[in-house]
There are 2 protein chains.
Amino acid sequence: MTRTRVHNMMVSLDGYAAGTTVTLEEPIGAARALFGQFDGRVIHGVQHADAPITLDRALTSLWGQGVGAEIMGRRKFGPQTGPWPEDGWRGWWGEEPPFRTPVYVLTHHPRPPMEFANGTSFRFVDASPAEALALAQEAAGRLDVRIGGGPTTVRQFLAADLIDMMHLIIVPIVLGEGTSLWEGLGNVQDRFEVETIASPSGLTHQLWNRLPA
Amino acid sequence: MTRTRVHNMMVSLDGYAAGTTVTLEEPIGAARALFGQFDGRVIHGVQHADAPITLDRALTSLWGQGVGAEIMGRRKFGPQTGPWPEDGWRGWWGEEPPFRTPVYVLTHHPRPPMEFANGTSFRFVDASPAEALALAQEAAGRLDVRIGGGPTTVRQFLAADLIDMMHLIIVPIVLGEGTSLWEGLGNVQDRFEVETIASPSGLTHQLWNRLPA
């Protein structure tokens with residue numbers, strides 16, 4: 001059995017997981033406050049943080065476990081909109097993107113793929129969630145597929161009932177505005193078993209596992 | 001920085017982590033009740049369980065992350081005592097031991113090493129905790145060393161102040177007798193920062209991280 005998984009999805013108390021706009025200077029928009037306690041050094045394993053192995057770091061480290069491909073929205077790849085400019089943009093991450101697998105970028109403007117020495121590739125597809133998932137599953141083989149965000153992309157996959165497991169991190173802040181994870185998803189929790197874990201840090205972790213059909 | 005880590009150490013409410021004796025029929029002695037809720041399928045990653053990714057499974061999956069060698073007591077390797085009989089014993093795990101790294105077995109009766117196709121090797125050493133750790137660290141290179149138990153071995157490494165991180169799972173049962181994890185370790189908690197996490201399953205997880213010297 002392979003899964004479609006979401007990890008480290010940080011959400012404010014009012015349900016926002018990103019700002020409303022993304023610019024080169026503000027990659028996650030006004031939602032940067034969500035990431036104050038996030039230690040991304042451990043996404044490839046807890047041994048990568050020169051810091052205590054806390055619950056927050058332990059759960060963050062699930063991100064890469066057994067994942068063979070990612071699907072992301074265009075805004076996670078870059079701030080551009082419309083047809084791609086000839087600007088040499090290769091993503092926010094320089095020549096060492098953390099993914100180390102094929103990554104499918106959802107866009108209405110397909111373009112040739114990009115390859116990186118560490119195993120990451122970006123493939124640009126104009127596809128529905130189900131079509132993109134089929135491509136990513138083929139690339140992942142016997143491994144799982146991660147839906148990498150942003151919130152609009154996760155919301156679309158939730159609406160299409162394509163998410164098997166989701167790790168949310170509820171951050172005790174109120175953003176007031178932004179991109180909602182939940183818009184149009186009333187009662188989505190009925191399709192899941194939800195485990196809630198309070199962290200000593202003040203964060204709340206939730207593990208959503210889809211109920212058997 | 002590399003660490004010396006303990007994972008998935010299951011302890012009863014009265015502090016026992018194994019039975020008093022180990023036999024071929026009872027590998028963990030009378031302490032088998034400790035393991036009722038333990039899903040060992042996920043030790044190499046949460047993707048390996050055809051079951052919900054719960055807090056318990058998520059934390060169990062830290063076991064193999066970034067670990068390059070293990071040290072274990074002789075009783076974890078087999079039920080024999082004294083000089084090794086010529087019985088063809090190659091450990092409890094058949095030809096697929098889960099370790100996939102060098103494993104140093106502490107014994108007063110050294111013998112030639114055993115190699116397995118999946119990367120596991122057992123090397124039998126008559127050494128102090130510090131000496132065994134030096135050997136394991138050299139084998140692990142830039143990765144961490146796991147102290148694999150049983151409780152007597154973990155207790156010796158705690159007494160020698162050689163543990164950097166320890167994941168305990170407190171199981172809500174009273175064993176009444178067994179091998180104590182804590183004997184002779186009064187106030188050991190003063191050397192650690194301890195995070196306690198209640199699991200919806202009824203288990204309690206603790207993450208012990210050694211305080212800076």
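A: In this predicted model, the largest cavity takes the largest share of its lining, three residues, from helix α1 (residues 55-60) of chain B. The lining of this cavity consists of M10(B), Q37(B), F38(B), D39(B), D56(B), R57(B), T60(B), I169(B), L203(B) and H205(B). Sorted by class, these are four nonpolar, three polar and three charged residues. The space inside the largest cavity comes to about 50 Å³.

The structure holds two cavities of 30 Å³ or more. The second largest cavity has about 40 Å³ of space, and its lining is made up of E193(A), V194(A), E195(A), L207(A), N209(A), P52(B), I53(B) and T54(B). Two or more residues of that lining come from each of β10 (192-198) and β11 (204-210) of chain A. The largest share, three residues, belongs to β10(A).

To return to chain B, H205(B) is one of the residues lining the largest cavity. Strand β11 (residues 204-210) of chain B pairs with strand β10 (residues 192-198) of chain B in the antiparallel sense, over seven bridges. One bridge in this pairing joins A198(B) to T204(B) of β11(B). The two strands, β10(B) and β11(B), form a hairpin with five residues between them. In the turn of this hairpin, G202(B) has a positive phi of about 105 degrees.

Conventions:
Residues numbered from 1 in each chain as written. Chains lettered and ligands numbered in written order. Predicted model: local features only at pLDDT ≥ 70, side-chain atom pairs only at ≥ 80, totals over all residues. Heavy atoms only, no water. Pairing = 2+ DSSP bridges. Helix = DSSP H or I, 4+ residues; strand = E, 2+ residues; numbered from the N terminus. 1 Å grid on protein atoms, 1.4 Å probe; cavity = no way out; pocket = protein on both sides within 12 Å on 5 of 7 lines; lining within 4 Å. Points joined across faces, edges and corners; volume = space filled by probe spheres on them. Nonpolar A, V, L, I, M, F, W, Y, C, P; charged D, E, K, R; others polar.
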